[in-house]
Amino acid sequence: MNESGVDESLQEGKGCSLYIYTSAASFVFCLFLFYVISPRFSSLISTGYRELPVAKKLDWDTRIGSNLHAVVVSSISLYCFFFDAETTSNPIVNDAILVRMQIAITMGYILADFLIIILSYKYIGDLFTVVHHIMAIWAYYFVVVYGVLTYFANLRQLAEISTPFVNQRWFFDAISHPRSSRGFFVNGYVMGGSFFLCRIMIMPIYYYKCYSVWGTEEQRNLGVLISFYWISTCIVLDAINFLLVRQDS
């Protein structure tokens, strides 16, 4: 084990070039989506978008990227959870390529969103969101670079299933869509159900699985640093997620 507390058997950078390039591509695409595609696309599909103030337009555009990211990574996450034997073969260390790819996509998206928030902080800046992104980037760094805790990272990604419905509620409110409408009603039920299943019910399962592998040789081989950030970031992110959802609701 080296001075940083990371076991020397976990070689940083070994076989991670593909995932780093994937993160970089995701980062560039998400910025392009925010600054170029979303404003034009949203203006075409919604007259309400054109009438929004600057802050809400920026928020809208970030949520377009959020929706696309959520659909892509949650689809991969569901597939890996149910059908990819490699993902579930070893909770600590495995060669789950699909999981590392989707986490790499998420890394690029979060980095892009973080940059957007910093550049537009006076309009859409939020301390909780900044802290959330920093913690998520740091946590997923170990998955992308070291290839560890892919099973647990995949479980976390299941939460993205509810994201499009949370965002859709915001879109409806932003353009003053009637809350009595069928669309608002249906989305509300789906949002509540998916949020409860994928963000609330999954939490005891997640932490029980953490408990079940804690103290094993493989967990100890992670080293102090990775083990610390694994648990601490999860606790902080769960707390922040609750606060952010309360703000959106």
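Colleague: Which exposed residues does the face of H11 turned away from its buried side carry?

Modeller: Exposed means over 50% relative accessible area, buried under 20%, and partly exposed in between, with a 1.4 Å probe and protein chains only; on that face of H11 the exposed residues are Pro204, Tyr208 and Tyr211. This is a predicted model, in which local features need pLDDT of at least 70 and side-chain atom pairs count only at pLDDT 80 or more, while totals for chains, interfaces and linings use all residues. Residues are numbered from 1 along each chain as its sequence is written, and side-chain values use heavy atoms, with hydrogens and water left out.

Colleague: Which are the buried residues of H11, and why are they said to line one face?

Modeller: The buried residues of H11 are Ile202, Tyr206, Cys210 and Val213. Seen down the helix axis, they fall within an arc of 80°, and so they line one face of H11; the arc is that of the directions from the helix axis to the C-beta atoms. Helices here are DSSP runs (H or I, at least four residues), numbered from the N terminus.

Colleague: How should I read a positive phi?

Modeller: Most residues other than glycine have a negative phi. Leu149, although not a glycine, has a positive phi of about 60°, and this residue lies in the loop between helix H7 (127-146) and helix H8 (150-157). Ser176 also has a positive phi of about 60° without being a glycine, and is found in the loop between helix H9 (163-174) and helix H10 (182-200).

Colleague: Is Leu149 buried or exposed, and is Ser176 buried or exposed?

Modeller: Leu149 counts as buried because its relative accessibility is 7%, whereas Ser176, at 61%, counts as exposed.

Colleague: Where does Phe29 lie, and how exposed is this residue?

Modeller: Phe29 lies in helix H1 and is partly exposed, with a relative accessible area of 40%.

Key:
Helix = DSSP H or I, 4+ residues; strand = E, 2+ residues; numbered from the N terminus.
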